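Here are my notes on this one, written as numbered points. Have the structure open while you read.

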Amino acid sequence: MKFDVTGMRKELLEELSKKVAFAKEREAGYKLLILRIGDNPADISYEKAIMKTAESVGIPVEVSTFPELVTESEVLSEVMRGNMDERFGGILIFHPLPGHLDAEAIDGAIQPEKDIDCLNPINQWRIFKGKGAMMPATAKSAVMIAEAMGELEGKRVLIINRSMVIGKPLAMMLLDKNATVTVGHSRTKNIPALAREHDIVVYGTGQSRWVGADFVSEGQWIIDCGIAFDDTGKMTGDVDFDAVVDKAEYVTSVPGGVGSLTNLLLLDNMFID
C-alpha cells in the first residue's frame with residue numbers, strides 16, 4: 001500500500017517554523033545563501049523549489065548568481081562572505097560545478113556547520129564515522145520514512161544507488177540503525193532477483209518506472225528516491241507505483257514521498273548544532 005508522509009511533513013513544517021522564529025530572535029543563523037553558477041534550467045527549478053519551501057517557514061533566502069566562466073576566487077570569496085556573516089545558517093551551492101572549478105576546494109571551504117548539503121569532507125567523515133549530526137537531506141528523508149514504517153534492527157536493506165548524496169551516506173545511516181545493508185548499482189547483476197530477497201529496498205537511479213512487480217516480494221517496504229519524467233512530461237520515480245502498490249506492504253510515491261520531505265530536511269540542517 002501507499003505510505004503516506006503527510007503527517008511527517010506537517011510535523012517537520014511546524015518544528016522548522018519554530019526553529020526559524022528562535023533563530024530570528026537571536027539574529028543568527030536564520031538566512032540561507034544560495035550560490036548558482038550559470039543558468040542551468042534544473043538548477044533554476046531547484047532554486048525556486050527551495051525558495052518556496054523556505055518562504056513557507058519564514059527563512060529569508062539570498063541568491064548569488066555567477067556566469068559560467070566565473071573564477072574560483074570569486075566563488076570562494078562569496079563562500080567566505082557566507083561563512084563570516086552570522087545571519088547565514090546555511091550555504092548551498094548547486095552541483096555539478098563547471099569543469100574549470102575545483103569542486104572539492106569549494107565544498108571544503110564551506111564552514112561545516114553551514115554546509116547543509118553535507119559536501120564538506122569533514123561532514124562526510126563524520127557520517128562515515130557514525131558521528132554526523134548533519135545528514136544529506138534525501139538520505140535522511142529515506143531513513144525517517146523507513147523508521148516510520150517499522151523497526152529497522154535486523155532488517156535486510158538493499159540500496160540501488162552508490163552516490164555520495166544518497167547511497168553511501170544512507171548505507172552508513174542504516175548500519176547505525178543495526179540494519180544489514182547491501183549496495184547495488186548499474187553494474188549489479190539480476191537486480192530483480194536480488195531485490196526480492198530483501199526486506200526493504202531503496203531505489204534512486206532516475207530511470208522512470210523501471211521497477212515492476214517482478215522486483216517485489218510480498219510484505220516488502222519500498223522507498224523510491226528516484227526522480228524522472230515520462231514521455232508525457234509527468235514526474236515519476238524509479239518504481240512503477242501502480243504495478244507494485246498492492247504487492248508491497250509499503251511503497252512511497254513520486255511525487256509526494258521522499259522528495260516532499262527533502263527540502264524541509266535540507267533547511268532543517270541550518271539549525272543543527
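Which residues do ring pairs link into a cluster? They are F3, W221 and Y250.

Before the points, some housekeeping. This is a predicted model, with local features needing pLDDT of at least 70 and side-chain atom pairs counting only at pLDDT 80 or more, while totals for chains, interfaces and linings use all residues. Numbering runs from 1 along each chain as its sequence is written, and side-chain values use heavy atoms, with hydrogens and water left out.

1. **Ring pairs.** Rings of Phe, Tyr and Trp (its six-membered ring) pair if their centres lie within 6.5 Å; planes under 30 degrees apart are called stacked, over 60 edge-to-face, and the rest tilted. On that rule there are 6 aromatic pairs. One of them is Y46 with F94, a tilted pair at 5.1 Å centre to centre with 40 degrees between the planes.

2. **What that pair joins.** Helices (H or I, at least four residues) and strands (E, at least two) are DSSP runs, numbered from the N terminus. As for burial, the scale is relative accessible area: buried is under 20%, exposed over 50%, partly exposed in between (1.4 Å probe, protein chains only). F94 is buried at 3%, whereas Y46, at 30%, is partly exposed.

3. **W210 and F215.** This pair is edge-to-face, because the ring centres are 5.2 Å apart and the planes stand at 90 degrees. W210 is partly exposed at 23%; F215 is buried at 6%.

4. **N120.** Take a look at the loop between α4 and α5 (121–128), where N120 is found. Its relative accessibility is 2%, so N120 counts as buried. The N120 side chain reaches the backbone oxygen of G108 at 3.2 Å. Setting aside neighbours within four places in sequence, N120 is in contact (heavy atoms within 4.5 Å) with D107, G108, I110, P112 and D115.

5. **The core.** A nonpolar core here is a set of buried Ala, Val, Leu, Ile, Met, Phe, Trp, Tyr and Cys residues joined through side-chain atoms within 4.5 Å. The largest one has 51 residues, and L32, I59, I145, L170 and I223 touch the most other members. Helix α6 (residues 137–149) gives this core its largest share, 7 residues. Not counting residues up to four places away in sequence, I223 touches several residues, including A142, I145, A146 and M149.

Notes
A polar contact is a pair of N or O atoms within 3.5 Å; within protein, one must be able to donate a hydrogen and the other to accept it, and residues adjacent in sequence count only if both atoms are side-chain atoms.
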